[in-house]
Amino acid sequence: MLSAASKARGSLLRLHSTEMNRSFIQAKMFSSSAISRPRIMLKLGTAVVTRSDECGIALGRLASIVEQVAELHSRGNDVIMVTSGAIGYGKQRLANRTGMGLLAQPSVEESKWAAIKPQAYAAHGQSGLMSLYEIMFRQYGLSTAQILLHAQDLEEGPRRERLAATMDDLLHMQTVIPIVNENDAIVVPEAQQGGDLRGILSISDNDSIAAVAAAEMKVKRLVLLSDVDGVYTGEPTNGGVLIPRISKGQCQEVMDKISFDSQTTRVGRGGMMSKVKAAMYAQEKGVEVVIANGFNENCLLGAAKSQVSHGTFFDTKNGEGALFGNAEEDIKSQAKKARDGGRALAQASPETRSKILNRLAALLIERKEEILSENSKDIEEHKGKLAQTLLDRLKLSEPKLESLAQGLNQLAKEDPLDKTLSKMKIAEGLTLVKKTVPIGVLLIIFESRPDALPQIAGLSIASGNALLLKGGKEAQRSNAILHSLVQEAIASECRDAIHSCHLVSGRDEVSSLLKMADVIDLCIPRGSNDLVQHIQNNTKIPVMGHADGICHVYVDTDCDLEMAINIIRDSKTDYPAACNAMETLLIHKNLVDDKRLVSILDSLKEAGVVVNVGKRLANMGLTEVQGLATTNNYHVEYGCLECTVEVVDDVKDAVSHIQANGSEHTEVVITQDEKIADFFSKAVDSACVFHNSSSRFSDGFRFGLGAEVGISTARIHARGPVGIDGLLTAKWVLDGQGHTVADFSTGKYEYVHEKQV
C-alpha cells in the first residue's frame with residue numbers, strides 16, 4: 001500500500017509531467033511559425049519593487065506594472081523583465097514565520113539582522129519573488145521563466161550566445177515573460193569586481209545587466225524604472241529641469257556637466273550614474289532607452305509609446321545642439337523653450353489640457369504626505385529667521401491642498417481658448433472674428449507662498465501660456481516638489497509641452513529674465529511692496545499686480561450690529577496674512593456715541609486682535625479705548641492679528657479716507673441703506689468693492705475663477721483677482737474669398753459692418 005504522501009507526490013509528478021509536455025508542444029508550435037515581434041525590456045529598480053521601509057514588496061505598484069506588461073504583450077510586443085527586489089523580499093520572508101508573512105509576528109530578532117548578509121536575503125527571497133510574479137501574470141494568461149545571471153554570463157561570448165538562444169526560445173512561446181535577475185546570492189561585492197566590459201561598462205548591477213542583455217537580444221527599447229522622473233540638468237530642488245531627450249551627440253555633454261547623485265538605498269546598488277551609463281551603452285548599441293519613474297501612473301505604457309510621454313528618452317539618432325550654454329544664453333534658451341512649450345500647450349486639444357489639470361489635482365492629493373513633509377522642512381529651517389506672518393504664508397496643509405485640487409478641477413471644466421468674443425460681417429463673403437488666445441510667456445515671481453505655484457501653473461496650463469516661476473528661497477523644497485508634480489502632469493498628456501513650466505532658481509536668473517522683453521510678455525510679481533517696486537523699476541516687460549493689500553471695512557450708522565461683528569471678525573481673523581484681510585476698520589461716529597463700537601472692540605479683543613486707535617478716535621474720550629496704542633499712519637499692511645480703528649463722519653468721509661490711504665485693493669461697506677451702499681460702490685476707486693460681505697471673498701477661487709494668478713490693482717488689461725481671463729488676449733481672424741482693398745474702391749464690394757456676435 002502506498003502512503004498518502006506517496007500518492008500526493010505521484011499526483012504532483014504526473015501534473016508536472018503533463019504541464020512540461022504541454023509547454024514543449026507549445027514551444028515547438030511557436031518556434032515553427034514564429035513571427036517577428038518588437039522587443040521591449042523593462043528593468044525594475046529596487047525602489048520600485050520594494051516598500052518604502054525596504055522590507056517587503058510594494059504589491060499594489062508591482063501589480064500595476066504587471067498589468068502594463070500584459071497590456072504591451074497583448075499589443076504584439078515581446079516583453080523581457082529585469083527585476084530587483086529579491087533582497088527586500090528575502091528580508092520580509094525571514095522576518096516573518098509564514099510564507100507571505102504579512103500578518104505574522106517577527107521570528108528573527110532585530111539584533112540578528114545586522115549579521116545576515118544581503119546574499120542570504122537574496123537566496124531566500126528569489127523563489128518567493130518569482131512565485132509572486134507567476135501568480136500575478138497567471139491572471140492574464142501568461143507564465144514566467146526565471147533567468148539568473150552573473151557578470152561572467154555577459155562577459156564571455158559563448159555564454160552570451162547561449163543566453164540569447166534561450167531567450168529566443170522563451171519568447172517564441174509567446175505566453176512566457178522571461179524574468180532576469182542578477183544572481184545576488186553569489187554576487188561579489190563591488191569593490192572586488194573586475195574591470196569594465198571591454199573598457200566600456202562595468203557589469204555591477206541590474207542596470208548594466210539590462211543594458212548588455214538588451215543589446216545582445218536585439219531589444220528595440222529598454223525602460224529603466226526607478227524612483228526618479230528622469231535625467232535633470234541639475235538638482236531639481238535647485239532649479240534643475242527634466243531633460244526629455246538625449247541624442248547620441250549630447251551624451252558626452254551630459255557626462256561632463258551634470259553631477260549625479262550616486263547614493264543608493266539599503267536594498268539596491270545602482271544610482272543615477274549607473275542608469276545613465278547603462279543607457280548610453282545600450283544607446284550606442286542601437287537600443288532606445290527611457291529612464292522613468294516607476295511610481296507614476298501608467299509609467300511603462302507612457303515610456304513605451306513611440307512619442308515617449310514619461311521620463312528621459314535616449315534616442316539612437318544623432319542630434320545636434322548643446323544641452324548647456326553660458327549662464328545668460330542658457331536662461332534665454334530656457335525662456336525660448338518655455339515659449340515653444342507654451343505654444344504646444346495652446347495647440348493641444350481642450351481635452352488634453354483638461355486631463356493635465358485633473359491629473360495635477362489628483363497628484364496634489366496622492367502625494368500630500370510627500371508635499372507636507374518637504375514643506376515642514378522649509379518651515380523648520382526658517383523658524384526664528386522669518387516673521388510669523390511669512391511662516392504662516394509658507395505653511396501648507398491638507399485643507400489647502402484639497403482646496404487647490406478643487407480649484408484645478410474647476411479650471412478643467414471649461415476651456416477658455418479659441419472662444420469668439422465678437423464676429424462682424426465686413427462685407428459680402430468677408431467675416432472678421434475676434435478670438436481668445438494666450439498672452440504668451442509669463443514671468444511670475446512670488447514670495448513665501450508655495451500654494452501659489454499650483455494655482456499659477458493651473459491657470460497657465462488652462463490658458464495655454466508658458467510659465468517661468470520664481471519662488472522665494474524660504475519655500476525651496478516645497479516649490480521643487482510642487483513643480484515636479486506640474487511637470488509630471490504635463491508629461492503624462494502632452495510631452496511636447498514639458499518645458500512650458502520652468503522653475504527659476506536664483507536671483508541672477510531673475511535679473512537676466514527681466515531684460516528679456518523680446519521673449520517674456522508679462523511679469524506678475526506677488527509679494528512685498530519693495531519686491532513689486534524693484535520689478536517695475538528694472539524691466540521693460542509689462543508688469544501686472546499690486547504692491548499693498550490695505551483693505552478697509554466701513555461700518556455705517558444704519559447697520560445690523562451682529563452682521564457687522566461677524567463680517568469684521570472674518571475679514572481680519574480668517575487668514576490675517578492674506579492680502580485681502582482687513583487692515584483698517586472705519587466706524588461711523590454714531591456707533592461711538594451709542595456705544596455700539598464697544599461691542600465691536602470686545603469682539604476683536606476676544607479674537608486676539610491687537611487694536612491701534614486712530615488719532616480722532618483716541619481724542620473722543622471713550623473709556624474702552626484708553627490704554628490702546630494710537631497711530632497716525634493709516635497706510636499699514638499688518639498681515640497679522642492687528643488692525644487700525646478710526647472714526648469718520650459719514651460715508652463720504654469714509655470714501656475720502658480710503659482714497660487717501662488705501663491701496664485700491666478691496667473695500668467693504670456694512671449698511672442696510674441701499675443708497676449708502678450704492679454711493680460707496682460707485683465712489684470708491686478700488687479693484688473690489690463689497691456690500692455686507694467679508695473682504696476675504698476677494699479671491700479667484702471664491703469668485704468662481706478656479707484659481708488666481710494674483711490680484712491686480714492696475715487699470716489696464718486686468719483688475720481685481722486675476723483668473724483665467726486675465727491671462728488671455730485676443731487675435732483677429734479675417735476670413736475672405738479673395739477680397740482686396742481695391743475691390744471696395746472700385747465698388748465691387750461695399751462695407752456693411754454688420755455685427756453678428
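Which residues of α15 are buried? They are I371, E374, N375, D378, I379 and H382; buried means under 20% relative accessible area and exposed over 50%, with a 1.4 Å probe and protein chains only.

This is a predicted model, where local features need pLDDT of at least 70, side-chain atom pairs count only at pLDDT 80 or more, and totals for chains, interfaces and linings use all residues. Residues are numbered from 1 along each chain as its sequence is written, and side-chain values use heavy atoms, leaving out hydrogens and water.

**Helix α15**

Helices are DSSP runs (H or I, at least four residues), numbered from the N terminus. Among the elements covering the buried residues are these, by contact (heavy atoms within 4.5 Å):

| Helix | Residues |
|---|---|
| α14 | 350-366 |
| α16 | 388-394 |
| α17 | 398-411 |
| α19 | 476-493 |

Just after α15, G384 takes a positive phi of about 85°.

**Helices α22 and α24**

The axes of α22 (residues 561-573) and α24 (residues 596-606) come within 10 Å and cross at roughly 35°. Axes are lines fitted to C-alpha atoms over the stretch in contact, and angles run from 0 to 180 degrees between N-to-C directions. L561, I565, I568 and R569 in α22 meet R596, S599, I600, S603, L604 and E606 in α24. The residues of this contact divide into 5 nonpolar, 2 polar and 3 charged. Here Ala, Val, Leu, Ile, Met, Phe, Trp, Tyr, Cys and Pro count as nonpolar, Asp, Glu, Lys and Arg as charged, and the others, Gly among them, as polar.

Definitions and conventions:
Helix = DSSP H or I, 4+ residues; strand = E, 2+ residues; numbered from the N terminus.
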